[in-house]
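Here is a short report on one protein model. Look over the sequence and the fold first, then read on.

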Amino acid sequence: AHLNRIDAVDEKVRAFLHVDREGALAAARSVDERRARGERLGPLAGVPLALKDIFTTKGVPTTVGSRILRGWVPPYDATVTRRLKEAGVVILGKTNMDEFAMGSSTENSAFGPTGNPWDLTRIPGGSGGGSSAALASYQAPLAIGTDTGGSIRQPAAVTGTVGVKPTYGGVSRYGMVAFSSSLDQGGPCARTVLDAALLHEVMAGHDPLDSTSIDAPVPPVVEAARRADVRGMRIGVVKEFVGQDYQAGVKERFTEAVELLRELGAEVLEISCPSFTYALPAYYLIAPSEASSNLARFDAMRYGLRVGDDGTHSAEEVTALTREAGFGPEVKRRIMLGTYALSSGYYDAYYGQAQKVRTVVTRDFAAAFEQVDVLVSPTTPTTAFPIGERVDDPMAMYLADLFTIPANLAGNAAMSVPCGLAREDGLPVGLQIIAPTMADDRLYRVGGAVE
Ligand code: GLN
């Protein structure tokens, strides 16, 4: 049924870069066989899923939305991919994304933009716009994204779906193509909070193949989602975000969601996190710095595209020609920014300074979580903007992640859950919930109550 739905609508939505029809049908059949043999399977066995094209999939193309990986078929599965398969989840295909997860609209994909199912002329968020659009257009009930600065939560907010960035280290990064390794985190996307929790439980947990993976039990997310009870919880509204100038309809729905939480028995407090206003500039030094290093591996020798390999060019020239042709403008911008920020003489002024801001952001979170159990804010300053509106203005594009970035810098768990439609344009608004590290279950308690 889901493959038929893809056939019917994805020509318009363009959520998928690759549909693995045979693989999906074979996986579904194998679940039936395992059941027939009397094997006890988990709750997601047989449930279809859309996988962001940043996770390696053995025998199935993985592009990361980039021309530079054209023709590359990974010889191995990411840990997340492997866990999904073991749980009997049926992977329908790979979803569109901003190239190397750099963007907030999916317009930086080398393969063209994805439409927002609420209004196809608008962006579905980014970088994981393919995954969120697949959910919102009922092409898949579950999806997976990655969140370096907001790429799970912002697409969830603008498509009226649920997206969770688990605690950094909660989900294995093994086989997830690296953008900014100290910030990247894979996580579940779904149409309901409970569905997200069920997926969270399957994908999370310690992995010896990822050196930053946390060796501790997965927080009790499913139980929390089922309970969805906020009585007695202390909820902090981040003062510095409330003060920002953003879309009136977003503010209205956010204020209502906070009121609802109060009615449901939570205590609401205003909390000040003064460093959060510096989080965005710090992120745009740290993320490009790590990216400039991570993307050095795309040298035309190891993976995918190779340009100029005709016997007339040196190895260095082949590398340069391939990177020139293979990377899009935003990726090149970040490599240049990062290389500059890390160069000797500038390191202390830029990268070092940004790392100090990161420490202060982490301290602000620690102080906040002494007073409250979770923090809340709108997920994004605006609803889905029109395709094309911000493509020539990187600064305007970067602002889409103003509220989501602090949680990445500090490694906290965070969720976006739908909280209604904005009055002025009828488009979805998301509520962001942020919890301390390894307290991911609190997101599901609050998210379940708001939903
Ligand atoms: N939009 C942010 C960026 O472009 C975040 C992307 C992400 O979370 N992968 O870097």
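Why does S137 count as buried? S137 has 24 other C-beta atoms within 10 Å, so it is buried. A residue is called buried if 20 or more other C-beta atoms lie within 10 Å of its own, exposed if 12 or fewer, and partly exposed in between; C-beta atoms are placed from the backbone.

## About the model

This is a predicted model: local features need pLDDT of at least 70, side-chain atom pairs count only at pLDDT 80 or more, and totals for chains, interfaces and linings use all residues. Residues are numbered from 1 along each chain as its sequence is written.

## Around S137

S137 sits in the loop between helix 4 (129-136) and strand 4. Helices (H or I, at least four residues) and strands (E, at least two) are DSSP runs, numbered from the N terminus.

S137 touches V9, V13, A15 and P117, leaving out residues up to four places away in sequence. Such a contact means that two C-beta atoms, placed from the backbone, lie within 7 Å. I6 is 131 residues from S137 in sequence, yet their C-alpha atoms are 9.0 Å apart.

## Strands side by side

Strand 4 runs parallel to strand 2 (residues 48-52), joined by 3 bridges. It runs antiparallel to strand 6 (residues 186-190), joined by 5 bridges. Two strands pair if DSSP finds at least two bridges between them.

Strand 3 is largely enclosed by the rest of the structure, because 6 of its 6 residues are buried. Strand 2 pairs with strand 3 in the parallel sense over 5 bridges. Here L51 stands opposite K94. Strand 1 (residues 16-19) pairs with strand 3 in the antiparallel sense, over 3 bridges. F16 has T95 as its bridge partner.

Helix 3 spans residues 79-86, and its buried residues are T79, V80, T81, R82 and L84. What do they pack against? Their partners are strand 2, strand 3 (90-95), strand 4, strand 6 and helix 6 (193-203). After helix 3 comes G88, with a positive phi near 85°.

The largest nonpolar core has 129 residues, and L49 and I433 touch the most other members. Helix 10 (residues 279-294) gives the most to this core, with 9 residues. A nonpolar core is a set of buried Ala, Val, Leu, Ile, Met, Phe, Trp, Tyr and Cys residues joined through C-beta atoms within 7 Å. Beyond four places in sequence, the contacts of I433 are V374, V376, A414, M415, V417, L443, V446 and G447.

## Active-site positions in the record

Which residues does UniProt list for "active site"? The unreviewed entry lists K52, S127 and S151. They are spread over 100 residues of sequence but cluster in space, with a largest C-alpha distance of 10.9 Å. UniProt positions are given in the numbering used here, feature names are shortened, and annotations may be inferred rather than shown by experiment.

K52 lies in strand 2. It counts as buried because it has 33 C-beta neighbours inside 10 Å. Its contacts beyond four places in sequence include T95, I144, G145 and T146. S151 lies in the loop between strand 4 and helix 5 (153-159). S151 is buried too, with 36 other C-beta atoms within 10 Å. Among its contacts, beyond four places in sequence, are S127, G145 and T146.

## Around the ligand

How many residues surround the ligand? There are 13, and the closest are A101, S104, T148, G149 and S151. A residue is near a molecule if its C-beta atom, placed from the backbone, lies within 6 Å of it.

By class, this shell has 4 nonpolar, 7 polar and 2 charged residues. Ala, Val, Leu, Ile, Met, Phe, Trp, Tyr, Cys and Pro count as nonpolar, Asp, Glu, Lys and Arg as charged, and the others, Gly among them, as polar.
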